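Subject: Structure for your review

Dear colleague,

Please find the structure below, followed by an account of what was found in it. Kindly keep it in view as you read.

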Amino acid sequence: MENSRIPLVSILMTAYNRERFIQEAIESVLVSTFTEFELIIVDDNSQDNTYLIAQKYAREDHRIRLYQNEKNIGQFRNRNKAAELAKGMYLMYADSDDIFFPDA
């Protein structure tokens, strides 16, 4: 059952071929002292293991919503798609190679 509570912040993470970085990026979001968020990850049809890595985290944490594009649509269209999927009152973009401090 999906969490029906509306998060205050939607963190939007788009990714394309970021298997070397995405695990650390996701983990840095999940250990945040601020917990009222959803993490939306939209994989832009990566050709590496980016989606599989993100899928592992999505299975373990209900705050993660994971999507994969059927074909590569490019960075800006993918960011717009992530924003359209957001439910939060505020949006925050996070690149899939960003690292956040716990109190970010």
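In the second largest pocket, helix 3 gives the largest share of the lining, 3 residues. Helices (H or I, at least four residues) and strands (E, at least two) are DSSP runs, numbered from the N terminus. A pocket is an open set of points on a 1 Å grid over the protein atoms alone, where a 1.4 Å probe fits, with protein on both sides within 12 Å along at least five of seven lines; lining residues have an atom within 4 Å of a point.

This is a predicted model, in which local features need pLDDT of at least 70 and side-chain atom pairs count only at pLDDT 80 or more, while totals for chains, interfaces and linings use all residues. Residues are numbered from 1 along each chain as its sequence is written, and side-chain values use heavy atoms, with hydrogens and water left out.

The second largest pocket holds about 190 Å³ of space, a volume being the space filled by probe spheres set on the grid points, which are joined across faces, edges and corners. Its lining has 13 residues, of which T14, A15, Y16, R18 and Q75 are the closest to the centre. Strand 1 (9-15) and helix 3 (75-85) each supply at least two lining residues.

Strand 1 and strand 2 run parallel and are joined by 7 bridges; two strands pair if DSSP finds at least two bridges between them. Within this pairing, L12 stands opposite I40.

E38 lies in strand 2 (residues 37-43) and has a relative accessible area of 5%, so it is buried. A polar atom of the E38 side chain lies 3.5 Å from the backbone nitrogen of G88.

Q47, by contrast, sits in the loop between strand 2 and helix 2 (50-60) and is exposed, because its relative accessibility is 59%. Beyond its neighbours within four places in sequence, Q47 is in contact with Y16 and N17.

Yours sincerely

Conventions: Buried means under 20% relative accessible area, exposed over 50%, partly exposed in between (1.4 Å probe, protein chains only). A polar contact is a pair of N or O atoms within 3.5 Å; within protein, one must be able to donate a hydrogen and the other to accept it, and residues adjacent in sequence count only if both atoms are side-chain atoms. Contact means heavy atoms within 4.5 Å.
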